[in-house]
Amino acid sequence: MDTWNAFTVERVTPNVPQSRNVNAFAVNSSRGGEFRLCVQVKSRRVLFYEYTGQYRSYASDLALGEAALAMAWHDVTLCVGLRSEYRLYDLISGQCTPLFSFERTPPLVTYLRNEFLLANESVGVVVNTRGEPTRASIQYNEPPIGVGYHFPYALALQPCGIEVHNLDTGAIAQHLPMPQGSLTLMAQGQYTLLSNGTSVLALLEVPVEKQIDALLRARKVDAAVQLFKQTTAASMKGHEYESRLRALYERAGLVAFHSLYFQEALKYLDKTDVDPRRLLALFPGLLSSDSTYAQQRAAAAAAAASGKVRTAKSAAAVAAN
């Protein structure tokens with residue numbers, strides 16, 4: 001079995017020991033050029049390794065009794081998809097926990113954040129490391145042929161493209177058309193890779209702010225707020241979070257107001273401290289003849305833009321020196 005460094009796209013040497021005739025593999029964690037890896041070989045044993053420049057045994061071998069078709073590994077828990085059943089294994093105690101059976105489609109599993117996503121025909125099931133369901137199931141348009149995770153989205157590879165679902169709501173966020181053929185999805189953390197057997201493609205996520213702007217323009221305000229809370233709020237303190245959330249509702253309200261959806265606009269603007277004159281400025285004919293609000297805002301915007309230009313020029317001058 002060969003391994004490759006995703007940062008340098010260089011082959012990792014030496015090869016994984018005792019890794020001929022591999023049925024399935026899973027990566028536990030990766031830090032720079034170091035990682036943990038498990039592989040199931042023809043003898044139906046799962047071998048565990050840690051790579052720190054050389055491969056060394058990381059844990060005792062695990063005998064499954066039958067071939068694994070899919071695996072995901074987190075900490076001391078291994079999630080395995082067999083021919084007709086999903087199981088969890090505790091690598092310390094050796095305890096096996098059967099999850100559920102399936103019949104017609106092959107098993108697919110990927111690791112989330114302290115959870116596993118398992119595919120069961122056209123349904124995605126999320127369980128924790130004890131095998132307990134933790135979220136509402138994900139409904140796919142058709143059974144996927146590969147699953148992956150790119151926070152905060154669950155990805156499903158299908159014959160006609162990639163279906164992207166918001167993991168918290170289960171709603172479809174996007175559908176990416178892909179060329180038909182034999183494709184393999186490899187998505188975990190910040191990397192989303194797609195292989196066609198001879199080459200590997202990298203899919204880049206649109207910046208979150210642009211995603212939020214697009215949702216607001218489409219008047220999908222609840223989805224925009226949900227995405228903001230999922231991706232941005234955790235890194236903010238209370239005051240900053242509340243300020244950014246009010247600004248988001250203000251943008252949503254102004255979009256609705258400008259499109260003449262007044263009742264919807266007021267629902268969002270009621271959650272902000274927007275200056276009423278800003279709404280009137282959208283309709284200049286309603287402003288009093290002696291109002292200077294629009295001119296003041298234009299002057300402030302021009303001053304801010306001028307400040308940015310001066311800052312950029314100063315930075316360029318410093319860099320040149």
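Start at helix α1, which passes helix α3 in a right-handed crossing. Keep in mind that this is a predicted model.

**Stop 1: the helix pair**

Select residues 208-217 for α1 and residues 238-258 for α3. Two packed helices are described by the angle between their axes and the distance between the axes. Here the axes come within 9 Å and cross at roughly 35 degrees.

Now show the side chains where the two helices meet. From α1, pick Glu209, Ile212, Asp213, Leu216 and Arg217. Facing them in α3 are Arg244, Leu248, Arg251, Ala252 and Val255. Color this contact by residue type: five residues are nonpolar, five are charged and none is polar.

**Stop 2: helix α2**

Move on to residues 221-231, helix α2. Which of its residues are buried? They are Val221, Ala224, Val225, Leu227, Phe228 and Gln230. What do these buried residues pack against? Their partners are α1, α3 and α4 (262-269), along with strands β16 and β17.

**Stop 3: the sheet β15 to β18**

Four strands make it up, in the order β15-β16-β17-β18. The sheet is open and its pairing is antiparallel. Find β15 and β18 (172-177) at the edges; each has a single partner strand, so one side of each is left without a neighbour in the sheet. On average, neighbouring strands here are turned by 20 degrees against each other, direction ignored.

β16 and β17 run antiparallel and are joined by six bridges. Select Gln158, then look across to its bridge partner, Gly161 in β17.

**Stop 4: Ile162**

Stay in strand β17, residues 161-166, and select Ile162. Is Ile162 buried or exposed? Its relative accessibility is 1%, so Ile162 counts as buried; the cut-off for buried is under 20%.

Show what surrounds Ile162. Leaving out residues up to four places away in sequence, Ile162 touches Leu155, Ala156, Leu157, Gln174, His175, Leu176, Met178, Leu185, Leu194 and Leu203. Pick Met178 from that list. Met178 and Ile162 are 16 residues apart along the chain, and their C-alpha atoms are separated by 7.1 Å.

**Stop 5: the sheet β11 to β14**

Next, find another open sheet. Its four strands follow the order β11-β12-β13-β14, with antiparallel pairing. β11 and β14 (138-139) are the edge strands, each pairing on one side only. Strands of a sheet pair through backbone hydrogen bonds, either parallel or antiparallel.

Look between β12 and β13. They pair in the antiparallel sense over six bridges. Select Ala119 and you will find Gly124 of β13 standing opposite.

**Stop 6: the nonpolar cores**

Finish inside. The largest nonpolar core has 23 residues. Which of them touch the most other members? Select Val109, Phe116, Leu117, Leu118 and Leu167. The elements giving two or more residues to this core are β7 (70-74), β9 (85-90), β11 (108-111), β12 (115-120), β13 (123-128), β15 (146-150) and β16 (153-158). β12 gives the most, with four residues.

Center the view on Val109. Apart from its neighbours within four places in sequence, Val109 is in contact with Ala70, Met71, Ala72, Cys79, Tyr86, Phe116, Leu117, Leu118 and Val147. Then turn to a second, separate core of 22 residues. Val164, Met236, Tyr241 and Leu245 are among its members.

Terms used. Residues are numbered from 1 along each chain as its sequence is written. This is a predicted model: local features need pLDDT of at least 70, side-chain atom pairs count only at pLDDT 80 or more; totals for chains, interfaces and linings use all residues. Side-chain values use heavy atoms; hydrogens and water are left out. A nonpolar core is a set of buried Ala, Val, Leu, Ile, Met, Phe, Trp, Tyr and Cys residues joined through side-chain atoms within 4.5 Å. Buried means under 20% relative accessible area, exposed over 50%, partly exposed in between (1.4 Å probe, protein chains only). Contact means heavy atoms within 4.5 Å. Two strands pair if DSSP finds at least two bridges between them. Axes are lines fitted to C-alpha atoms, for helices over the stretch in contact, and angles run from 0 to 180 degrees between N-to-C directions. A crossing is left-handed if the near helix is turned anticlockwise from the far one by less than a right angle, and right-handed if clockwise. Ala, Val, Leu, Ile, Met, Phe, Trp, Tyr, Cys and Pro count as nonpolar, Asp, Glu, Lys and Arg as charged, and the others, Gly among them, as polar.
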